[in-house]
Each structure stands twice: as structure tokens, then as C-alpha cells.
Amino acid sequence: TFPNYEGALPLLKGESWIHRLHQLQALSKPLTFDQLVGCGAGWSMETQIFASRDRTTAGTYRRGYYLACSNYVMRGGKHFVNFTLEGWGTFVRVGVMRPVKNCEEKGISTLSLTGSHDALLREKNERWGDGIVNNCNYNMHDGVCKWSDWEKHPHPEIYRRNPTDPVVHTHDIFVVSWAGMEGCKKDDVAGLLLDLDEGTLTVYKNGRPLGVMKDGLNGEYCWTVDIYCSGVDDAPSVKIERGDIPV
């Protein structure tokens, strides 16, 4: 049996029972960072992000953008995770993104730079559902919500020298304040409750509920940590751990 995870794995069209069994077994195993990618100093695709031997902690001390994500896929029901900020970093964002395999091979190194968004959108499939929230992160420094649909949007007032110039379309990352917003410090634990029945992502700080950070989530997601390290007084590292569903 798998307590607290009723409805977490609805059977999808064309899915085998063997695959479903593997997913159910994964519910009883510790969460790990299965993909570690980065865009280090000089903008070369170098994996300068490290993981602990059991792959439950990821971090870096090298300047650049980095992404660590779990390959465990969430598609329904409720899921809860604790992210512990074991090493301080000003730009550490924890949350969810669409499952994407082999990120490094596809040139995907971060969620913080919009240059990865085209590659991410090429992975779109029917299991993403009809929602527009393709990634949603809690910034541990100040508590803001950062999310994106990875699409391009028109910006008629910018990048045009003349009114007759064509409207420019750019990727956007939306930065949103929300009620209950609080940041974290070193050794704090940010708990995230993904409720795919209600379509919400709720934040907890050291076990205390802060509130719903974002709604409108549906389809498949995986847990992720997105890091920018300045290389100066920064050595961010984050531990991931599955938690019990809050009652």
C-alpha cells in the first residue's frame, strides 16, 4: 500500500501496467536529483553542479546557472516535498517543471534564462494537460513566485525604434508576489505541496503553512531546483526529501 497518495497515479491511455507498477514503487523510495546540468563560467555547457553520493543533495560553488531535477513524475493527487537550504545562495528556486528527459543533451541548463524555453517547449506532449504553468518556483531568498509557460508573448512597447516596426515577441518569466510570502535563510526548510486535484502549489516554511503560491497547475510535473551562483560568498546546496501530506 502507498498511504497518503491515493489518486497520485491515474492510469493514462496507452500506459502499461508494468510502467504503472514501477511508478508506484517509486512512491516508496527517497526522492533524488537524477539530472544535474549547468551553464558555468564562460557559458559553456559544463556540469559544475555536484550531488551527494545518495543524490539527495545538489549544489555548486562555481559561478553560473544550474538545474537539478528529479525524474519522478507526478500526474495526479497530492505530493509533498521538503527542500532544505544546507548551503546559502541568493538565487535558489525550488518548485516544479514539466518532465524532460536528457536535459543536457538538449541544451537545457536552467529555467532562469529564457534561451532554454524553445528547447523545453519542443518536449510538449498530451501528458502536460491543457494548463499553461510549465514551471513554477519558490525563490528561497525572498519568497517570490517565478513561473513561465515557456511561450513567446508580444511586447508592442519595447525593442521597437519606430511605431511601424513589427511587434517583438519574447519569452517571459513572470515574477509574482503572493499573500503569505516569506523568504528563507540557511538551514530553513521549504515544504511544497503539489495538489493536482485542486491545481495548486502551497508553500510551508519549517512546517508552518504560508499559503497557496500558485494555482492553475495540471498535467505532469517533477520536482526541481534552479540555481544561480555568483561565485562570491555563494555556495548554494539543497537537500530534497519526500514528506508526509500535511493534514
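These questions and answers walk through a predicted model of one protein chain.

Q: What share of the residues of the chain count as buried?
A: Buried means under 20% relative accessible area. The chain has 247 residues. The share that counts as buried is 51%.

Q: What share of the contacts with a separation of 6 or more comes from residues 24 or more positions apart?
A: Take the contacts in the chain with a separation of 6 or more. Residues 24 or more positions apart account for a share of 70%.

Q: Which residues touch the most other members of the largest nonpolar core?
A: The largest nonpolar core holds 40 residues. Strand 15, residues 222-229, gives the most to this core, with 4 residues. The residues that touch the most other members are Phe83, Val96, Tyr138, Leu192, Leu194, Leu201 and Trp223.

Q: Is Arg55 buried, exposed or partly exposed?
A: Arg55 lies in the loop between strand 2 (50-51) and strand 3 (57-59). Its phi is near 65°, a positive value in a residue other than glycine. Its relative accessible area is 32%. Buried needs under 20% and exposed needs over 50%, with partly exposed in between, so Arg55 is partly exposed.

Q: Is Trp150 buried or exposed?
A: Trp150 sits in the loop between strand 8 (145-148) and strand 9 (152-155). Trp150 is not a glycine, yet its phi is positive, about 65°. Its relative accessible area is 0%. The limit for buried is under 20%, so Trp150 is buried.

Q: Where does Thr200 lie, and is Thr200 buried or exposed?
A: Thr200 lies in strand 13, residues 200-205. Its relative accessible area is 14%. That value falls under the 20% cut-off, so Thr200 is buried.

Q: Which residues is Thr200 in contact with, leaving aside its neighbours within four places in sequence?
A: Contact means heavy atoms within 4.5 Å. Neighbours of Thr200 within four places in sequence are left aside. The contacts are Leu193, Leu194, Asp195, Val212, Lys214, Asp215 and Leu217.

Conventions:
Residues are numbered from 1 along each chain as its sequence is written. This is a predicted model: local features need pLDDT of at least 70, side-chain atom pairs count only at pLDDT 80 or more; totals for chains, interfaces and linings use all residues. Side-chain values use heavy atoms; hydrogens and water are left out. Helices (H or I, at least four residues) and strands (E, at least two) are DSSP runs, numbered from the N terminus. Buried means under 20% relative accessible area, exposed over 50%, partly exposed in between (1.4 Å probe, protein chains only). A nonpolar core is a set of buried Ala, Val, Leu, Ile, Met, Phe, Trp, Tyr and Cys residues joined through side-chain atoms within 4.5 Å.
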